[in-house]
Amino acid sequence: MLVVLVADTAALDREAARIVAHRVREKPAITLGLAAGSTPLGMYRELVRLHREEGLDLSGVTTFSLDEYLGVAPSHPRSFHRFMREALFDHVNIPPARIHVPDGTASGDLEAYCAEYERQIARAGGIDLQVLGIGRDGHVGFNEPTSSLASRTRIKTLTLATIEDNRRVFAEGERVPECAITMGIGTILEAREILLLGAGPAKREAVARAVEGPVTASVTASALQLHPQVTVLLDREAAAGLRHLDYYERVMRTTATLTPGRAARPSG
Ligand code: GLP
């Protein structure tokens, strides 16, 4: 894991967008895995700015969203579908036919629906770069504690803590979804590269357990330790619980010296 520390969320937004934009320029036909949530929102804003002001061309990009609330229609104001459109898709030139978001209103054989989502990812050549946030309990996607570390796209029941976290975005009195469709940890680990974003004090413990704790299904983000190409990009507040901060700072300095001006490539 390459742990990259930045001062604040503004710097996190810029650095995350810089890494994604760099990969898009390296491989214009890249396949991105994208997360919803408040953490990557500023990164999407910055990518839109890079597209509008600096000519970042996303016309070759394919995207797969990580998750969606079950029972929530793509048009619902709080769906991850709508979130992604408003945050990114409506403002850049990714061809709509190459945008994939799980359909929260999928009905019938949901297992077959999820298996087809996996096949679509495979047909696109797999995910090159997967962007992730992290839940307060250390989940990625909606892979709640005790999710299999080999899991694939499927329906997950959300924990009460996650339901409470989600409540803030739903209208007062509105039913908050109790289940979601999510890529599995096995799906995520097949991405060629992973960028995990963590911001703010609420993520401090989850980040510490994911990065420095044991690999455990109780903290599904800890499974990223098994992946050879992971960048964990953190603001100071999210990083505050880490024990090896001085080491990560030294690694950052070494990386900058070895590959000046390049987007960092994680190595182990
Ligand atoms: C939800 C999403 C995750 C996201 C997490 C944190 O559980 N399924 O993909 O990373 O929330 O969200 P936020 O970035 O809003 O803190």
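1. The lining of the largest cavity in this predicted model is made up of eight nonpolar residues, with no polar and no charged ones. The residues concerned are V20, V24, L32, L34, L47, L58, L88 and I94. Two elements, α1 and β2 (31-34), each give two or more residues to that lining.

2. As to size and number, the largest cavity has a volume of about 60 Å³, and the count of cavities of 30 Å³ or more comes to one.

3. The largest pocket has a volume of about 800 Å³, and the elements that give two or more residues to its lining are α1 (9-26), β4 (67-69), α3 (80-87) and α5 (160-167). In all, 35 residues line the largest pocket, and A36, G37, S38, T39 and R168 lie nearest its centre. Divided by class, this lining holds 15 nonpolar, twelve polar and eight charged residues, whereas the lining of the largest cavity has no polar and no charged residues.

4. Where does the ligand sit? The ligand is placed in the largest pocket, and the residues that surround it are G37, S38, T39, L66, D67, G133, I134, H139, G141, F142, R168 and K203. Among these, G37, S38, T39 and R168 also belong to the residues that lie nearest the centre of the largest pocket.

5. The shell around the ligand divides by class into three nonpolar, six polar and three charged residues. For a reader who wishes to set this beside the pocket as a whole, the lining of the largest pocket has 15 nonpolar, twelve polar and eight charged residues.

6. Which side chains bring a polar atom to an oxygen atom of the ligand, and at what distance? A polar side-chain atom of S38 lies 2.7 Å from an oxygen atom of the ligand, and a polar side-chain atom of H139 lies 2.6 Å from an oxygen atom of the ligand. On the nitrogen side, a polar side-chain atom of D67 is found 2.7 Å from a nitrogen atom of the ligand.

7. Taken on its own, the ligand has 390 Å² of accessible area, and the protein covers 91% of that area.

Notes
Residues numbered from 1 in each chain as written. Predicted model: local features only at pLDDT ≥ 70, side-chain atom pairs only at ≥ 80, totals over all residues. Heavy atoms only, no water. Near = heavy atom within 4 Å. Polar contact = N/O pair within 3.5 Å; in protein donor to acceptor, adjacent residues only side chain to side chain. Areas by Shrake-Rupley, 256 points an atom, 1.4 Å probe, with all protein chains shown as cover. 1 Å grid on protein atoms, 1.4 Å probe; cavity = no way out; pocket = protein on both sides within 12 Å on 5 of 7 lines; lining within 4 Å. Sits in = over half its atoms within 2 Å of the grid points. Nonpolar A, V, L, I, M, F, W, Y, C, P; charged D, E, K, R; others polar. Points joined across faces, edges and corners; volume = space filled by probe spheres on them. Helix = DSSP H or I, 4+ residues; strand = E, 2+ residues; numbered from the N terminus.
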